[in-house]
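Here are a few exercises to work through with the model open in your viewer. Try each task before you read its solution.

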Amino acid sequence: MAKILVVDDDPDFVGLTRRILQRKGYEVVTAASGQQALKVMRKEKPDLVLLDIMMSYILDGLDVSREMAQDPELKDVPVIMVTSLTGARAEAAQLSGEYIPVDEWIHKPIDPDRLLARIEEALKGKAG
Amino acid sequence: MNNRPSPKLAIHRREFLGLSALGLGISLVGARAAAAAPSVASPDNVAILYDPVKCVGCKACQMACKRWNKLPNESTDPLGIYESPRDLSAITWNIIKLRRTEVGWHFFNYQCMHCTDAACVEVCPTRALFHDPLGFVALDRQKCNGCGYCTQFCPYGVPHLQVANLLTGEAKSAKCTFCQDRLWSGIGGPSCAEVCPVGALVWGKRGDLLDRARARVAELQAQGLNARIYGENEAGGLRRLSILLGEPEEYGLPSVPKTPAFARAWQRIIQPLGNVAFGAALLGILGAFLFVRRKIRMEEVK
Amino acid sequence: MTVQLKGRPEVIQIQWIPKYTTLERAAHWIHTATFVPLAITGMILYFPFLEPLAQGEAGLFIRLVHRVAAVIFGLLPIVYFIFEPRRLLMNIREFLPNKEDLGWLKATPAYYLLGRHEAMPPQGRFNAGEKMNGLVMIVAWAVFGITGVPMWFGKGVIPPEIFRWLVVFHDLAMIVSVCMFLVHLYLAVAHPLMWAGLVSMRFGVTSAEYAMEHHAKWYYGPKRAMEIWEAKKREAAHKGGH
């Protein structure tokens with residue numbers, strides 16, 4: 001089954017998400033910051049990245065997704081951005097006028113079924 | 001708002017002066033007024049003189065103090081020794097103890113020293129402890145709020161707290177008052193001195209008592225005893241004068257009581273400096289507030 | 001949220017970013033609600049002109065209020081630690097000073113008094129002034145506790161020689177923390193540039209644009225924040241001032 005990288009500085013969120021994904025049969029690797037995420041990504045080559053926006057700084061997730069988009073090895077990895085940022089209701093929300101290259105948005109607190117459905121879609125999109 | 005005339009500068013100056021006055025005023029009002037003039041040991045003050053050579057240890061002084069001040073008995077361990085109770089306490093304000101010097105065992109009376117540089121008066125936040133014009137350190141129990149600073153700053157460990165409730169802090173300070181009520185109502189002098197059957201404990205004018213003490217010390221020294229006066233200049237001069245037959249330390253008394261200086265430094269240096277800090281902070285903030293009001297326009301604030 | 005000022009055609013968009021949890025905000029306000037009575041009741045034993053309030057029955061009551069508030073004040077950080085230890089540790093880490101805080105100190109007059117935005121180097125989650133406030137408060141809390149508890153229960157138990165120093169340090173901690181509090185109060189309530197501070201402590205969120213300017217390192221990350229600031233300084237230099 002696919003390998004998913006969960007990136008979040010909140011260990012509770014990582015733990016919960018890991019349990020949900022592993023029960024579905026996914027392999028899970030984790031990272032707690034943007035820097036760490038890029039390192040782990042290049043080593044583990046996940047099939048999908050669940051990315052929190054706000055970690056060591058508010059736009060941490062944004063910088064990660066932008067660096068991924070510029071890296072030929074990483075630009076095709078689907079990214080689902082997870083956010084608790086209030087006011088970012090629209091999926092195509094523009095934060096400080098920046099364009100964020102992600103495939104999907106999902107809001108905290110996450111609904112497990114919704115999360116799994118989005119992951120499936122994103123993985124299918126990649127394969128197809 | 002843009003049509004302000006050039007007296008803008010005059011307003012600045014006025015405001016600045018007003019603020020300075022405010023800041024300075026706060027500092028000064030807070031500072032302990034030196035107008036609470038420090039007590040001076042005058043020969044016209046009242047005083048008590050204790051002569052251990054005459055003392056027979058009858059403890060009439062202890063009993064008289066208890067009786068006049070309606071103090072309850074203190075339960076002590078019946079160890080068969082003569083000191084009973086062992087020490088001054090919230091309900092024992094006058095006590096006879098046994099001391100040993102090169103002379104041998106003899107009795108010594110302990111009570112409030114009624115210092116001139118009284119650390120207890122210095123640190124008392126309510127002025128419940130104060131110097132009576134006659135010189136002794138009086139205690140107004142109504143004013144006392146039980147903070148207990150006096151008990152911790154006295155170099156002789158004299159005041160004690162009568163604690164009603166440790167949790168809420170309800171307490172009152174207690175110490176020998178020189179029988180302030182007897183003096184103020186004209187009944188007489190301190191009970192302990194008036195009851196002493198052998199004249200070991202006497203009271204009168206400090207000047208007179210000092211003369212007597214000097215004569216007595218000369219007499220004792222002529223007999224080969226290491227006699228000295230304690231209380232002439234200690235802590236600015238005590239109003240409880242004692243004749244010692246040895247070093248002060250042998251009686252548990254400090255030869256140089258240091259805590260009054262510590263207490264004074266705390267009350268008259270550290271605290272006023274704190275007030276200066278508060279004044280400066282308030283001054284600075286008020287100044288900044290008025291300055292910023294003109295300089296930073298809200299439209300530019302993100 | 002969309003904000004339109006009455007009578008003005010422009011509309012302002014405010015993006016809110018979470019900054020403080022509910023527990024943090026509650027703790028802050030309970031801290032305020034205990035610190036103020038503690039300072040006031042303490043000052044009654046400190047200022048000679050307040051003597052009448054310190055005497056007799058009034059004085060006993062004042063001291064009782066001081067103790068009750070002190071217990072809450074003292075337990076608060078412990079409660080915070082029990083329920084949100086990671087947040088507490090994160091905040092402590094954010095309070096620790098580093099070399100870059102000197103830049104804040106240098107820029108203070110230009111920024112806070114004259115409003116020169118480009119003079120201030122990018123700040124993290126807490127700017128250097130907020131760090132000072134936090135550290136002063138943490139140290140003062142510890143000093144108050146370490147001196148206060150023996151002052152309460154230790155008379156006749158601990159040696160008077162030690163007690164005397166305890167009251168002096170209790171006083172010093174009060175002086176420093178009250179001065180800090182006064183400055184904190186002014187900046188939080190009355191300084192035009194710091195408007196989002198009070199909002200964030202009341203509602204837990206801060207405006208994204210405010211964070212972009214005032215806490216750029218927290219918003220953009222340290223590298224990009226520096227780049228943006230260098231660009232701003234260059235722009236200001238070209239324009240020849242603001």
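**Exercise 1. Chain B in outline**

How many helices and how many strands does the secondary structure of chain B come to?

Solution. Keep in mind that you're looking at a predicted model. Start by counting elements: chain B has eight helices and ten strands. Next, check burial: of the 302 residues in chain B, 39% are buried. Finally, look at how far apart in sequence the contacting residues are. Taking contacts in chain B with a separation of 6 or more, 64% link residues 24 or more positions apart.

**Exercise 2. The two domains of chain B**

Find the domains of chain B and work out which residues of domain 1 touch domain 2.

Solution. Step one is the bounds: the domain assignment puts domain 1 of chain B at 46-255 and domain 2 at 258-288. Step two is the spacing, and here the centres of the two domains, taken over C-alpha atoms, are 34 Å apart. Step three is the contact itself, to which domain 1 of chain B brings ten residues and domain 2 of chain B brings six. On the domain 1 side, helix α3 (residues 119-123) of chain B gives the most, with three residues. Sort that side by residue type and you get eight nonpolar, no polar and two charged.

**Exercise 3. Building the sheet of chain A**

In which order do the five strands of chain A form their open sheet?

Solution. First, read along the sequence: chain A has four helices and five strands, in the pattern β-α-β-α-β-α-β-β-α.

Now pair the strands. Strand β1 (residues 3-7) of chain A runs parallel to strand β2 (residues 27-31) of chain A, and five bridges join them. One pair to look up is Lys3(A), whose bridge partner in β2(A) is Glu27(A). To get from β1(A) to β2(A), the chain goes through helix α1 (residues 11-23) of chain A, and this β-α-β crossover is right-handed. β1(A) also pairs in the parallel sense with strand β3 (residues 48-52) of chain A, this time over four bridges. There, Leu5(A) sits opposite Val49(A) in β3(A).

Put together, the order in chain A is β2-β1-β3-β4-β5, with parallel pairing. β2 and β5 (104-107) of chain A are the edge strands with a single partner each, so one side of each has no neighbour in the sheet. On average, neighbouring strands of this sheet are turned by 20° against each other, direction ignored.

Helix α3 (residues 60-70) of chain A lies across β3 and β4 (79-83) of chain A, at about 150° to β3(A).

**Exercise 4. Where chain C meets chain B**

Which element supplies the largest share of the side of chain C that touches chain B?

Solution. Count both sides: 39 residues of chain C contact 43 residues of chain B. Then list the elements of chain C that each supply at least two residues to its side: α2 (51-54), α3 (56-83), α7 (160-189) and α9 (208-214). The largest share comes from α7(C), with twelve residues. Finish with residue types: the side of chain C that touches chain B divides into 26 nonpolar, five polar and eight charged residues.

Terms used. Residues numbered from 1 in each chain as written. Chains lettered and ligands numbered in written order. Predicted model: local features only at pLDDT ≥ 70, side-chain atom pairs only at ≥ 80, totals over all residues. Contact = placed C-beta atoms within 7 Å. Nonpolar A, V, L, I, M, F, W, Y, C, P; charged D, E, K, R; others polar. Buried ≥ 20, exposed ≤ 12 C-beta atoms within 10 Å, placed from the backbone. Pairing = 2+ DSSP bridges. Right-handed = clockwise from strand over helix to strand, strands pointing away. Axes fitted to C-alpha atoms, helices over the stretch in contact; angles between N-to-C directions. Domains from an automatic or database assignment.
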